[in-house]
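Please look at the sequence and the model below before reading on.

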Amino acid sequence: MTDTAVRAQPVGSGALAHTRAYRGDRIVGRDFPVHDIRAHVHERDAVVWLDLCDPDTEDLAAIADQLGLHELAVEDAVHEHQRPKFDRYATHEFISLYATSFDAPSGELRTSELAAFITDKVLVTVRKDDGFDIGAVMRHWDNAAELPGSPIMVLLHGLLDVVVDGHYQAVQDLDERIETLEDAVFDEQGPQDDVQRLSFQLRKSLVNLRRVVAPMRELLGAIMHRDQRLAGSELLPYFQDVYDHVLRTTEWADSLRDMISSIVDTRLALQSNRLNVISKKVTGWAAIIAVPTAITGFYGQNVPYPGFSAVSGEITSSGLIVLASLVLYVIFRRKDWL
């Protein structure tokens with residue numbers, strides 16, 4: 001399936017659409033109006049892909065009338081914050097899922113919600129925003145001309161493969177960012193407030209990543225199930241490869257979540273140790289300062305004492321102050337209190 005980049009066309013309320021028609025591994029139509037889908041579907045051995053970006057209910061209702069899409073699936077495709085899932089209806093299958101990308105400087109995981117309708121001859125993808133690079137999916141299809149099996153399932157495999165690869169790239173970027181955070185935790189000269197903020201942001205990103213990746217196991221499992229007869233024996237190994245990537249990403253995210261928790265605990269322990277060291281130093285200096293205070297206080301009594309009103313008394317008191325302070329300083333240094 002080879003082709004140059006396609007152009008998006010406006011649909012209805014302003015939503016953008018991509019269209020392609022395939023016959024075998026050849027593209028026989030592209031950028032055609034959405035209302036021409038039915039004509040292409042009626043062609044022998046032809047399959048059609050339609051992509052909609054940020055459509056409203058009216059846009060999808062027109063497509064649903066052409067393809068016989070279930071109203072509940074259309075509702076899920078329009079409304080946001082759906083759980084990644086696989087639903088089967090009488091005339092089609094429906095999936096919802098999330099693409100991800102990771103912003104390393106801020107530690108934020110960005111998600112883009114997707115939905116797809118799968119019929120015998122049409123694949124409709126619905127993007128809630130333009131955060132997902134649909135061009136990467138088209139390039140994947142262009143390089144997958146020799147894949148065996150149902151053309152529609154080849155298209156679906158390409159979509160899932162790109163999305164899951166994005167999950168894997170996100171967890172890999174998170175791992176690298178956490179490694180830099182580990183170094184910052186032990187850097188006493190670095191800004192610790194930034195470390196704390198970033199550690200909590202990374203933990204939040206990992207939770208969000210696992211929330212969108214973990215249900216993908218169930219979704220892929222439903223597609224590969226032999227009773228569904230979707231993947232087919234020819235494409236089953238390719239879907240199994242995507243499934244393995246989902247498992248690896250999920251396990252990696254779990255291990256990183258434990259690592260982030262360890263980093264937070266380690267930082268708190270280091271802060272406690274630093275506080276103990278500071279407390280010891282302050283206590284040690286207070287003990288040293290207490291010596292001259294005690295001696296000068298004793299010699300400041302309004303009663304006679306050895307050396308009272310004499311130079312020898314001043315020398316004695318000054319000597320005691322210096323000697324006692326030095327002794328305490330040496331003792332505290334040996335105990336690493338100063």
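Predicted model: local features only at pLDDT ≥ 70, side-chain atom pairs only at ≥ 80, totals over all residues.

Residues are numbered from 1 along each chain as its sequence is written, and side-chain values use heavy atoms, leaving out hydrogens and water.

Start with the largest nonpolar core, which has 66 residues. A nonpolar core is a set of buried Ala, Val, Leu, Ile, Met, Phe, Trp, Tyr and Cys residues joined through side-chain atoms within 4.5 Å; buried means under 20% relative accessible area, with a 1.4 Å probe and protein chains only. The members that touch the most others are I95, F132, M153, L160, L209, I223 and F239. Among the elements that each supply at least two residues are strands β4 (46-53), β6 (93-103) and β7 (108-118) and helix α8 (232-299). Helices (H or I, at least four residues) and strands (E, at least two) are DSSP runs, numbered from the N terminus. Helix α5 gives the largest share of this core, 17 residues. A second, separate core has 24 residues, including V41, L52, I63 and V126.

Now take α5 (residues 151-185) with α7 (residues 215-224): they pack at about 160°, with axes 13 Å apart. Axes are lines fitted to C-alpha atoms, for helices over the stretch in contact, and angles run from 0 to 180 degrees between N-to-C directions. The angle therefore makes α5 roughly antiparallel to α7 (over 145 degrees). From α5, the contact (heavy atoms within 4.5 Å) uses M153, L156, L160, V164 and H167; from α7 come M216, L219, L220 and I223. By class, eight of these residues are nonpolar, one is polar and none is charged. Helix α7 is mostly covered, with seven of its 10 residues buried. Among those buried are P215, A222 and M224.

Leaving aside neighbours within four places in sequence, M153 is in contact with I118, I223, L230, A231, L235 and F239.

On the α4 side the contact is made by A136, V137, H140 and W141, while the α5 residues include V154, L155 and D161.

Notes. Parallel < 35°, antiparallel > 145°, perpendicular 65-115°, else oblique. Nonpolar A, V, L, I, M, F, W, Y, C, P; charged D, E, K, R; others polar. Buried < 20%, exposed > 50% of the residue type's maximum accessible area, 1.4 Å probe, protein only.
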